[in-house]
Structures are given as structure tokens and as C-alpha cells.
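Here are some comments to read alongside the structure, arranged as numbered points. Please keep the sequence and the 3D view open while going through them.

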Amino acid sequence: MTQLYGGIEAGGTKFVCAIASGPDDLRAEVSFPTTTPAETFGRAIRFFQNEAHGEPLAALGIASFGPVDLDRASPTYGYITTTPKPGWANIDFAGAMAAALALPVFFDTDVNAAALGEYVWGAGQGRDPLIYLTVGTGVGGGLLVGGRPVHGLQHPEMGHMYLPRDPEEVALFAGACPYHGDCLEGLASGPAIAKRWGQPAQTLPEDHPAWALEARTLAHALTNMIFTLAPQMIILGGGVAEQEHLLAKVRAEVERLLRGYIQSPWLKPGLADYIVRPGLGRRAGVLGAIALAALA
Ligand code: ADP
Ligand code: ZN
């Protein structure tokens, strides 16, 4: 019998909920805005109660924006913890779902889950370690080692690494991260680009200097990840990475920064098969949540 799972991709802007056994067997899907925890959880709970049509769900996977508490021994396991998002700090997400739906709940960051989904069903099959970096409203990195999401001090926070900057740029832009100013997210997220250049990222033409700067910033970050973690692939998700020309610029810049130092069959000239878009497309997150439940 086919096992069905519930999955929630919980973003700061919207929630996506799905019922599926895998990417080719998506039974139901819904998306709605992230409002208050009570209202948003209520909509998710009603979706799983109504849309399974009597078929039992084996488990629920939650791929959440963070920071989150992933320590099963902690009294706040399954909580969204220190988020600056109003109303969402210290909220028991996994517990609320487990109580309402009476299901085993598997909880991780949105990007760890997306990395897992890509590893099982998407572009990252057979690639280990695997990094999934989203560049959207925020910047976040998920990391799998040995096919498992890395936990530790909670989870990696690659979106907040510091990078070298040109002095002229330092004078022009202090960055947009509320915690660190000019960390990777503070420089390279969609809102950071909009703040730096005075217009939304999707309205900037391909030849705008914003993109060379964005590529340089992302390439420094990716190169640091490559030297530190030796990933066999880096998947770039999120709205900003939808700019295909940006991906080409990032690949070229990473190749330049590596200086041919690492010899590996995974690093073929051009890096077209190494720095890639998600194989699961916009569903990487929600299918990642399904994968969390299915692989648990
Ligand atoms: P979220 O991170 O909220 O899940 P997205 O990944 O779509 O959602 O990220 C939204 C951010 O990405 C916004 O700041 C938006 O300006 C930017 N963005 C979305 N689509 C594009 C695009 N095609 N090109 C450039 N920037 C984009
Ligand atoms: Zn930061």
C-alpha cells in the first residue's frame, strides 16, 4: 500500500501544504499567506483533516523558516525560536501540529528539508555532501552529510556568513540584516538588493551593475562553502536565483575564485553541472517536508 505523508513548507510570507507519497504522486496542495500562528496553523490543520479524503497520513514533515529548535531533548523542541517576525518568536510549531493531527511530526529547517528533497528526488541524487542555498526574502543554506540534514548547534546558518567587501561598497551600503548588517543575507537577499539599488530585484535588467555585485557576493559565499564543506553539488533556489544569467555569472566567478586548486570529477569546467537550480523547482521545500516524513 502506498504510504501518504503530509508536508508543510512554512515560509515567512506563505505556507505551502501538500499530501503526497512523492513528487509523482501529489494528491493535494494548498498555499496561503503566513498571518498569525493561530490562524495559519488552523488553515494547515483543516487542510490535512479535509484533503486526505479518509486516507490515513503516516506522518507529517515540517520544513520551517527559522531559527528553530531541533534538539529532541530540549523543552522547546519543534519551536520557532528567535525570529524577528512579529508574533512568531517562541512558538511551538511541531507540538501544535502533533496535538491537532495526532501524527508523528518530523521537523527541520526549510532549507535542510529542501536539500533532502533534492537528494532523494531532485537534482542532488547521489551528491553527498549536498548544499541547498535559497536566495529569496532571506538567504539560507541547508546541508546534508551522509544523506542526513546536519544539526548541531541547532542547524547551519550559512546565510549569515561574513564576506569580503569593496571599500566603496561599504561606504554606500550598510546591509539589510537586522542582526549582522552586511552578512550574506544582508547583502544578497531580494530585499537587500531592493534596498541597495532602490528597486525590486526582478525589475533590474541583466546588464545592471547590481547583478555583477550579486554574483560576486554569492560566489564568495559559495567558494567558502566549497572550501569548508566539500559539497558534491550546490543547489541554488529562491526567487533571486531564478535569474538564469545570474547563475552563469556566479559559476564563472566561483571558478575564478577556486583558481583550479581543487581537482575533482564533480568540478567540471564551467560548473554547469555543479551549481544548479532545484530539480523539484518551486516544490523543493514542500516535497522536502514530505521527504522528512517519508525517510524518518
Ligand atoms: P520566499 O523567500 O519569501 O519564499 P522568493 O524565493 O520568491 O520567496 O523570494 C522573494 C524575493 O525574491 C523578493 O525579494 C523578490 O524581489 C525576489 N525575486 C522573486 N522573483 C525574482 C526574480 N525572478 N528575479 C529576481 N528576484 C526575484
Ligand atoms: Zn545576518
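This is a predicted model: local features need pLDDT of at least 70, side-chain atom pairs count only at pLDDT 80 or more; totals for chains, interfaces and linings use all residues.

The points below take up the domains, the nonpolar cores, the salt bridges and some backbone details in turn.

1. Domains. The domain assignment divides the protein chain into domain 1, covering residues 4-109, and domain 2, covering residues 123-277. The C-alpha centres of domain 1 and domain 2 are 27 Å apart, and the contact between them draws ten residues from domain 1 and seven residues from domain 2.

2. The domain interface. About 640 Å² of area is buried between domain 1 and domain 2, and carbon and sulfur atoms give 49% of this. How many salt bridges does the rule find across the interface of domain 1 and domain 2? The number is zero, whereas five residue pairs are in polar contact between domain 1 and domain 2, with both residues of each pair at pLDDT 80 or more.

3. The largest nonpolar core. This core has 36 residues, and those with the most contacts inside it are L184, L222, M225, L236, V250, V254 and I275. At least two core residues come from each of β8 (130-135), β9 (139-145), α5 (184-188), α7 (209-229), β11 (233-237) and α8 (244-258). Among these elements, α7 gives the most to the core, with nine residues.

4. L184 and its surroundings. Leaving aside residues up to four places away in sequence, L184 touches V139, M158, G159, H160, M161, L163 and S189, and also T217, L218, A221 and M225. Of these neighbours, M225 is itself listed with L184 among the residues that have the most contacts inside the largest core.

5. Salt bridges in general. A search of the whole structure finds eleven salt bridges. One of them joins the side chains of D25 and R27, with an N to O distance of 2.7 Å. R27 counts as partly exposed because its relative accessibility is 39%, a value between the limits of 20% and 50%.

6. E169 forms a salt bridge with R165, in which the closest N and O atoms are 3.9 Å apart. Are E169 and R165 buried or exposed? E169 is buried because its relative accessible area is 11%, and R165 is likewise buried because its relative accessible area is 19%, the limit for this class being under 20%.

7. The side chains of E242 and R282 meet in a salt bridge with an N to O distance of 2.5 Å. E242 is in the loop between β11 and α8, while R282 is in the loop between β12 (275-276) and α9 (284-295), so that the pair links distant parts of the chain, 40 residues apart. E242 counts as partly exposed, at 43% relative accessibility, whereas R282 counts as exposed, at 61%. Elsewhere, salt bridges that share partners join R165, E169, D182 and R196 into one network.

8. Cis peptide bonds. Which residues are joined by cis peptide bonds? One such bond joins G66 and P67, with omega about 0°, and P67 lies in the loop between β4 (57-64) and β5 (79-80). A cis peptide bond also joins D128 and P129, again with omega about 0°, and P129 is found in the loop between α3 (110-121) and β8.

9. Positive phi at N90. N90 has a phi near 60°, which is a positive value in a residue other than glycine. N90 is placed in the loop between β5 and β6 (91-92), and N90 counts as exposed because its relative accessible area is 56%, the limit being over 50%.

10. Positive phi at A102. Although A102 is not a glycine, its phi is positive, at about 50°. A102 lies in the loop between α2 (93-101) and β7 (105-109), and A102 counts as exposed because its relative accessibility is 68%.

Note on methods. Residues are numbered from 1 along each chain as its sequence is written. Chains are lettered from A and ligands numbered from 1 in the order in which they are written. Side-chain values use heavy atoms; hydrogens and water are left out. A nonpolar core is a set of buried Ala, Val, Leu, Ile, Met, Phe, Trp, Tyr and Cys residues joined through side-chain atoms within 4.5 Å. Buried means under 20% relative accessible area, exposed over 50%, partly exposed in between (1.4 Å probe, protein chains only). Helices (H or I, at least four residues) and strands (E, at least two) are DSSP runs, numbered from the N terminus. Contact means heavy atoms within 4.5 Å. Domain bounds come from an automatic or database domain assignment. Buried area is the accessible area (1.4 Å probe) that two parts lose on being put together, summed over both. A salt bridge is a side-chain nitrogen of Lys or Arg within 4 Å of a carboxyl oxygen of Asp or Glu. A polar contact is a pair of N or O atoms within 3.5 Å; within protein, one must be able to donate a hydrogen and the other to accept it, and residues adjacent in sequence count only if both atoms are side-chain atoms.
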